[in-house]
Amino acid sequence: MPLYDPAQHRPLAAPAWSEHSARAAIESIAGDAVAAYGGPERLWPNALDDLEDAPDVPYRNVYFGAAGMAWALDLLAREQLGPELPGLAQLAGGLLDGFRHAPELVELAPAPAPSLLFGESGIHLAVDAIGGDGDGGRGRGGDHLDALEACILGNTRNPTRELCWGSPGTMLAALTLWRRTGEARWREAWLESAEWLLSEWRETVWIQDLYGETRRYTGAGHGFAGNAFALLSGQDLLGGRATEMVGRVAAALDALAVEGEGMAQWLPLVGVAVGRNPVQWCHGSPGIVTSLSGLPADERTDGLLAAGGELTWRAGPLVKGVGLCHGTAGNAYAFLSLHARSGDERWLERARMFAMDAVADVERRRAAAGCGRYTLFTGDIGAGLLLRSCLRADPTFPFLGQGAADAIDSPRPELGMTSEKGSDE
């Protein structure tokens with residue numbers, strides 16, 4: 001069985017890496033996004049192919065809306081890698097009201113979604129990072145943080161059991177605030193969701209009740225890997241239960257792997273060997289590697305993750321685009337994760353080659369379309385964030401890895417007693 005479809009990929013076409021060219025490309029991508037901003041009402045032009053038959057209305061969610069763009073542009077501007085977005089505070093301050101006034105994706109989630117990537121929780125988290133609540137953000141207060149806590153708690157038992165809509169995503173929001181503030185309410189919110197998620201883990205992977213269908217996905221976007229990432233990122237909060245959880249994740253990584261010629265792939269659906277074998281962050285090897293690179297060192301685990309990276313490299317950049325979710329930029333984070341895990345400079349070099357290829361692809365597509373693509377997870381800004389990560393040799397996946405990164409980069413708050421309610425059976 002082929003591990004990937006060559007028609008979904010193309011040869012690498014990357015100019016040489018240099019810090020100067022990387023910084024210039026970030027400035028260009030961010031500058032184009034700033035120039036395309038239409039103000040707090042119109043926001044950015046939609047990438048309408050993200051949704052079939054989507055109305056041409058402004059979106060505010062993190063995945064393909066204004067919250068994700070504002071978060072990314074603010075991050076780059078803070079580090080003097082891109083221009084500041086004029087009116088950023090006004091934009092951030094109005095995102096939540098705008099979302100509540102015009103709920104999004106109600107055909108998929110029949111209430112204003114509390115989810116991380118498509119709903120209110122992610123907007124709250126972006127606003128907090130930007131400081132749009134008027135007190136400088138950074139978790140120091142604001143009514144929006146109380147509302148975020150309510151969203152997280154209200155999403156604890158979301159039947160999707162996946163990262164985009166379900167509690168694994170909102171767990172990452174809770175973890176980010178816990179790392180940033182040390183406030184017990186965020187630790188308890190993470191634990192409540194984690195305990196339910198563990199109790200629902202009855203087979204090799206979780207079962208997703210998603211878009212009217214019941215499936216068993218393996219990948220980072222909608223399945224096992226994304227759930228495992230949320231648990232691994234906060235494993236220090238689980239106390240003695242972390243060891244069993246980590247062991248189960250490593251065992252599933254092994255059980256689900258399909259290997260050949262020094263490569264490894266993870267099919268999108270458990271037990272389904274026909275159909276597409278995508279090599280993307282959302283489904284396939286890159287997202288598996290990125291999500292599970294925090295597993296403890298072990299010969300079998302190390303070999304599988306490296307083989308997943310090798311498949312990502314041999315397959316090459318994606319034809320469909322440059323984005324984080326299902327594009328070249330997202331795939332390159334697998335290389336950055338392997339570099340951080342192993343110290344092997346080859347992986348950093350490969351990430352940088354993919355990054356420069358993504359820049360060239362952005363320029364080709366922008367010239368053909370007459371404009372850029374302005375979304376965090378499917379647009380050009382993902383290539384800019386990848387370049388930033390390559391400059392820093394930082395494997396932190398944009399937006400999703402904030403809590404995990406803070407755990408590494410910052411002193412950890414005093415943990416105190418962890419909750420023991422619930423079960424991970």
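## Salt bridges, a buried Asn and a nonpolar core

At 6% relative accessibility, Arg179 falls in the buried class. Keep in mind that what you're looking at is a predicted model. Arg179 has a salt-bridge partner in Asp236, with their closest N and O atoms 2.8 Å apart. This pair ties together distant parts of the chain: Asp236 sits in the loop between helix H9 (224–233) and helix H10 (242–256), while Arg179 belongs to helix H7, and 57 residues separate them. Asp236 is buried too, with a relative accessible area of 19%, so it gets in under the 20% cut-off.

That pair is one of 29 salt bridges in the structure. In general, side chains of opposite charge can pair when their charged atoms come close.

| Salt bridge | Closest N and O atoms |
|---|---|
| Arg10 and Asp357 | 2.5 Å |
| Asp236 and Arg179 | 2.8 Å |
| Arg157 and Glu192 | 3.8 Å |

Take Arg10 and Asp357, whose closest N and O atoms are 2.5 Å apart.

Now for Arg157 and Glu192, with 3.8 Å between their closest N and O atoms. Arg157 is in the loop between helix H6 (143–154) and helix H7 (167–181), Glu192 is in helix H8 (residues 184–199), and the two are 35 residues apart. Is Arg157 buried or exposed? Arg157 is exposed, because its relative accessible area is 51% and the exposed class starts over 50%. Glu192 comes out as partly exposed, at 25%.

Next, helix H6 itself. Its 12 residues should span 16 Å at 1.5 Å a residue, and the end C-alpha atoms are 17 Å apart, which agrees. The buried residues in H6 are His144, Leu145, Ala147, Leu148, Glu149, Cys151 and Ile152. What do the buried residues of H6 pack against? Their packing partners are helix H4 (88–101), helix H5 (120–130), H7 and H8.

Over to Asn277, in the loop between strand E4 (263–265) and helix H11 (285–292). Asn277 is buried, with a relative accessible area of 12%. Its side chain reaches the backbone oxygen of Pro2 at 2.8 Å. Setting aside neighbours within four places in sequence, Asn277 is in contact with Met1, Pro2, Leu3, Tyr4 and Asp5, plus Gln265 and Leu267.

Then there's the largest nonpolar core, with 130 residues. Trp44, Leu117, Phe224, Leu292, Leu376, Phe377 and Leu400 touch the most other members. For Leu376, not counting residues up to four places away in sequence, the residues touched include Val62, Tyr63, Met69, Trp71, Leu324, Ile381, Leu385 and Phe399.

Finally, a word on confidence. The protein averages a pLDDT of 91, and 90% of the residues score at least 70. Where does pLDDT stay under 50? One such stretch is residues 132–141, for which the model has 25 contacts beyond four places in sequence. Residues 407–425 are also below 50, and this stretch has 34 contacts in the model beyond near neighbours in sequence.

How values were computed:
Residues are numbered from 1 along each chain as its sequence is written. This is a predicted model: local features need pLDDT of at least 70, side-chain atom pairs count only at pLDDT 80 or more; totals for chains, interfaces and linings use all residues. Side-chain values use heavy atoms; hydrogens and water are left out. A salt bridge is a side-chain nitrogen of Lys or Arg within 4 Å of a carboxyl oxygen of Asp or Glu. Helices (H or I, at least four residues) and strands (E, at least two) are DSSP runs, numbered from the N terminus. Buried means under 20% relative accessible area, exposed over 50%, partly exposed in between (1.4 Å probe, protein chains only). pLDDT is the predictor's confidence in each residue, from 0 to 100. Contact means heavy atoms within 4.5 Å. A polar contact is a pair of N or O atoms within 3.5 Å; within protein, one must be able to donate a hydrogen and the other to accept it, and residues adjacent in sequence count only if both atoms are side-chain atoms. The expected span of a helix is 1.5 Å times one less than its number of residues. A nonpolar core is a set of buried Ala, Val, Leu, Ile, Met, Phe, Trp, Tyr and Cys residues joined through side-chain atoms within 4.5 Å.
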